[in-house]
Every structure is written in structure tokens, then in C-alpha cells.
Amino acid sequence: METTNNITVLSSFIQAWTNEKNSPEIFPYETDLITEIRNHINTQQQIIDKNLEQIKEEETNNNDSQLMFLTNIMLMEVERLNYLLRSYLRMRLDKIEKYPVYILKNQQVRESLSKEEQQFLAGYFKLFEKHMKNSFLEKLPKPLQKIDDEEEGMVAKPDVNNYVACKINEDLGEVQFLEADTFNLTLKKDDSYIINYDHIKPFIQSNKVSLI
Amino acid sequence: MYNLQNNFNPQETEFLSGDEPIKIIPNFTLNQKLVFLNGEYGPFQPSIPIEVPLWLALTLRRQEKCQITIPVWLSVEFLQDILKEEKSRKKLSKLHPYFSEISAQLFEHAPNDINDFEKVRTLVEDIWNVRASKIREGIKDITNTTYCLSISDLTVMERELLKPYATSALKNIWLIFNSGKPIKRPNFPNQPETNTNTKIGTNTNTIEEEPLIEKEQETTKRTLRKFTTEDMETEQN
């Protein structure tokens, strides 16, 4: 087992989870981290199942209580990891359900989704469209029947002007933010701010700033 | 949608604090290594201190299989110094980021391992109150031109409690501040681009739609009447 790698796997995944929770947009799917975590869960789950079978077979044995004790601890750790994974996936699914048309129209955002999520999106959008058509869209006059018309404001977009809490990971010096008026801010390491998401978005991809 | 809330509730911060390392003194033997995702935790021998994640320490403590070594920052002396520091200056002192969560969990599951438990608890509460009043004072400084808020020395719990209020307040300030300036808006037909006070009634499209709506109302009225006469007929029968 590589322990040096695994210390950062969990903390990077928790950081990705926190980023996803705080931001209105969908981040790229963390395939590598999730595969590693799932591998670990699978190996542990196999050991757990083997232990449980062994406990069932041997009924009265002193080693059993130790085996049960060990198995319980492993179960708890697996439960914690499962909770993280489930929460991460559910957050992303909720975001997909909230902005289906916007994602379908944007190739870049669509690439942030995993293959399964893209399938989910396709299926969800088909149901959504069918439901809208059957409920009332067919009875509207033809020009108003589109649900993907950006000009008419029919497409729900994630609001990038939400305010988020973030932590600065590197010394970035004086940064200028462009808005209606420009303002400057000295970003030093380990400072935290509640700031407009749009302003720090470019720094998040390079991990210079992380959401907290 | 629960999953789309932007902040952690206290249970979730408690979950996150579970990964913090803490020293325990086990009273059992385990010759195997516990293999977790973030490291291996070596064989356990009685009376030999070992560092484990907090969630594991609390589980073991609940089953009375260990004794938890209370971290330095939860001792009476340290807390008294912190309280003095908090009361003397306006800036927030540096605390462990999971100060509230770890202390709450230790109070609940390992009260006997803490020296002067009552005193420690009152000190923690006092520190919380002093910091909370400082944060409230800091919030009063938000004006209608505030574009960001510095939250460097807050603990995780304080930050998550502040977030909903601060994010929506700052967002509203931003909206008001930028309302007079041109923002890119979707183009509605027959309406000026940057005008925020649009008169919807002057749009020529709506006039054509009116007769359609009236017709639908007539059809519903007719069907209603039909329903009631049928009802009356059956009653007479």
C-alpha cells in the first residue's frame, strides 16, 4: 500500500468535494481520485466480507471478538468514504438537473461530466422535454414552443456572480479585478475571503485558490 | 434541493473534523495494521501512545478501549491565555480550525480524560461568545460598496454559520452597485437593450394574443354550463 500517495488522495478529494459544494458551476469530474478511492473501498469490502463469513462459521472463539472488532472498524472507514462519494455524485447530479439545456449547449461544460453523467443528462433531458411538451408546450403558439432559446432567456445558467468563501494557497501579490469599477486586492498565502466567484474563477483551475 | 446548499451544516463539519489526528493510549492489543485510505495505523499495544484519526479515537473511547490524550490547545492554561488575548484586542486569535467540533465531540465522549472538565467547558464557551460578538461587530462594517470580506482567522464552524448571511448580503450589494451599469441581458423583442424599466404592455405581440385567450375562456365557460345541466338532470331523475 502506498501511504505517501494516499495521504493526498483523501485530502485532494475532500478539496474537490468542497469546491463542488461551494461553486455554482460544475467542475471537471475527478476520475483518477474516484477510481483510487473505489479501488480501496473494494479491497476493504472484500476483506470485510471474508471476515464476516469467517465469523459466522466459527461461533465461539476468542479471536472472533477481535476479528469482529477489526471488521467493524474497517466497515466504519468504508462507510465514511462511501458517504463522501455519494455526496459528491449527488451534488453533481443536482447541478445537472438544474441546468440541463445550458450543459447540452456547451461543449466545454459537457466535457466536465463523466460518461455516466452524460448518459444521465441525455435521459433526463428527454424526459424533461417530453413532459413539457405534453403538459402545455404543444398548446402554445409555435414561436413560443422552444425550451432552448437563449435569447428569450429560456436557458437557466449557473450564476457566476454568487459570492463564495475561498482560501489563497500561494502568494499572488496585487491582483486587479475588473468590474464596473476596477479594484485591487493583495492576495497573500493563507488569507481567506468571501468574494465574487467570477473574480477568482481563473485561479481555481490552477489550484492557486481553493474554495472552503 | 438539499445537496445544492453552499455551506456545510454542523454535522458535516463534525464529519470533516473526524479526519484530524489525535493521540490515544490504547488498552488492547492488535498485532495487525489498520489500513485506511490516508495511511496505515500500526499495531496497537497497551499503554503505548499512538496517533489515529479522531473518528477512530472516539469509537475506541466509546467502547472504553483507549484513553484519549487531550490536545494542548484544550488545556486550562492555554484556553485562559487565549481568552485573555481575545478580550484584549480586536483581532481574532488563531485557533485550531476545528476548535468547536473537536471540543464538542471530546466533551461528549471523553469527559473523564479532560482535566478540570467544567472549567474547560466554561472557558470554551466564553471564547466562543467573545469571538461571536467580535464577528458581529465586524459585520457592521459592511457598507454598500463592500466587494469582499476577509475571513482569515475564523474557525470552520464560525465560517459556515456566517456564509449564508454574508454571501447573500454581498451578492445583493453587488447587484445594487452594478444596477446602473450596462449588464448583458437576453434580448426580448421590441424592447430597448439596457433599460431596466421595460413597459411590457406596449409590445405589439401581446395584442395579437389577446383574442386567443378570450376564446379559451369561452370554451371553458361553455363546458362548465354543460356539466351543471347534466348534474341537474340526474338529480331530477
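This is a predicted model: local features need pLDDT of at least 70, side-chain atom pairs count only at pLDDT 80 or more; totals for chains, interfaces and linings use all residues.

User: How is chain A divided?
Analyst: Into domain 1 (3-97), domain 2 (99-158) and domain 3 (163-211). In the contact between domain 1 and domain 3 of chain A, domain 1 supplies eight residues and domain 3 supplies six.

User: What area is buried between domain 1 and domain 3 of chain A?
Analyst: About 620 Å². Carbon and sulfur atoms give 57% of that.

User: And how many salt bridges between those two domains of chain A?
Analyst: One.

User: Which side chain does Lys201(A) meet in a salt bridge?
Analyst: That of Glu25(A), at 3.3 Å, N to O.

User: New topic. Which residues form a nonpolar patch with Phe136(A)?
Analyst: Leu140(A) and Leu144(A). Together the three have about 250 Å² of accessible area on the surface.

User: Where is Leu140(A) found?
Analyst: In the loop between helix 6 (115-135) and strand 1 (163-168) of chain A.

User: Why does Leu140(A) count as partly exposed?
Analyst: Because its relative accessibility is 33%.

User: Over to chain B. What's its secondary structure?
Analyst: Seven helices and six strands. Along the sequence the pattern is α-β-β-β-β-α-β-α-α-α-β-α-α.

User: How much of chain B is buried?
Analyst: 40% of its 237 residues. Chain B exposes about 15000 Å², with 52% from carbon and sulfur atoms.

User: And contacts in chain B between residues 24 or more positions apart? What share do they make up?
Analyst: 64% of the contacts with a separation of 6 or more.

Key
Residues are numbered from 1 along each chain as its sequence is written. Chains are lettered from A and ligands numbered from 1 in the order in which they are written. Side-chain values use heavy atoms; hydrogens and water are left out. Patches are made of residues with over 30% relative accessible area and no salt bridge: like charges are joined within 9 Å, nonpolar side chains (Val, Leu, Ile, Met, Phe, Trp, Tyr) within 5 Å. Accessible areas come from the Shrake-Rupley method with a 1.4 Å probe; for residues, only the protein chains shown count as cover. A salt bridge is a side-chain nitrogen of Lys or Arg within 4 Å of a carboxyl oxygen of Asp or Glu. Helices (H or I, at least four residues) and strands (E, at least two) are DSSP runs, numbered from the N terminus. Buried means under 20% relative accessible area, exposed over 50%, partly exposed in between (1.4 Å probe, protein chains only). Contact means heavy atoms within 4.5 Å. Domain bounds come from an automatic or database domain assignment. Buried area is the accessible area (1.4 Å probe) that two parts lose on being put together, summed over both.
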